[in-house]
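Let's take a friendly walk through a structure together. Please have the sequence and the 3D view open as you read.

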Amino acid sequence: MARKKAKTLRSRYDAWLDQHETLACIVVGASIAVALVGIFAFVTFSGFGSSAEFIYNQF
């Protein structure tokens with residue numbers, strides 16, 4: 001029994017791009033970028049990286 005070759009991430013990405021419109025690709029890419037910027041801003045400016053004592057005292 002021959003073993004199937006696993007699809008690469010690139011081949012799955014290319015297949016998805018072929019099946020969807022350009023606008024959908026732009027919307028998905030922009031959504032991912034906004035989510036990453038939001039996570040970065042939260043971690044950077046929220047004091048989330050502060051000491052545990054400082055965080056516990058806020059509650």
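The report below goes from the overall fold to single residues.

## Fold and confidence

This is a predicted model, so a word on confidence belongs at the start. Averaged over the chain, pLDDT is 82, and 88% of the residues score at least 70. Helix 2 has the highest confidence in the chain, at a mean of 90, while helix 3 (residues 52-57) has the lowest, at 73.

You will find three helices and zero strands here. Read from the N terminus, the order of elements is α-α-α.

## Helix 2 and what follows

Helix 2 covers residues 22-45. With its 24 residues, helix 2 spans 34 Å from the first C-alpha to the last, close to the 34 Å expected at 1.5 Å a residue.

If you follow the backbone just past the end of helix 2, have a look at glycine 47: its phi is positive there, at about 80°.

## Surface and burial

How much of the chain is buried? Buried residues account for 2% of the 59 residues. The accessible surface of the chain is about 5,900 Å², and carbon and sulfur atoms contribute 67% of that surface.

Part of the surface forms a nonpolar patch of about 360 Å², built from Trp16, Val28, Ile32 and Leu36. Helix 2 is the main contributor to this patch, giving three residues. Isoleucine 32, for one, sits in helix 2.

## Tryptophan 16

Tryptophan 16, a member of the nonpolar patch, belongs to helix 1. Is tryptophan 16 buried, partly exposed or exposed? Its relative accessibility is 31%, so tryptophan 16 counts as partly exposed. Patch members need over 30% relative accessible area, and the 31% of tryptophan 16 is therefore enough on that point.

Beyond its neighbours within four places in sequence, tryptophan 16 touches Ala24, Cys25 and Val28. Of these contacts, Val28 is also listed in the nonpolar patch.

## The salt bridge

The structure has one salt bridge. Which residues form it? Aspartate 14 pairs with arginine 10, and their closest N and O atoms are 3.3 Å apart. Both partners lie in helix 1 (residues 9-19), where they are four residues apart, or about one turn of the helix. An α-helix has 3.6 residues a turn, so residues three or four places apart point the same way.

The two partners can also be described by their accessibility. Arginine 10 has 56% relative accessibility and so counts as exposed. Aspartate 14, at 30%, counts as partly exposed.

Note on methods. Residues are numbered from 1 along each chain as its sequence is written. This is a predicted model: local features need pLDDT of at least 70, side-chain atom pairs count only at pLDDT 80 or more; totals for chains, interfaces and linings use all residues. Side-chain values use heavy atoms; hydrogens and water are left out. Helices (H or I, at least four residues) and strands (E, at least two) are DSSP runs, numbered from the N terminus. Buried means under 20% relative accessible area, exposed over 50%, partly exposed in between (1.4 Å probe, protein chains only). Accessible areas come from the Shrake-Rupley method with a 1.4 Å probe; for residues, only the protein chains shown count as cover. Patches are made of residues with over 30% relative accessible area and no salt bridge: like charges are joined within 9 Å, nonpolar side chains (Val, Leu, Ile, Met, Phe, Trp, Tyr) within 5 Å. A salt bridge is a side-chain nitrogen of Lys or Arg within 4 Å of a carboxyl oxygen of Asp or Glu. The expected span of a helix is 1.5 Å times one less than its number of residues. Contact means heavy atoms within 4.5 Å. pLDDT is the predictor's confidence in each residue, from 0 to 100.
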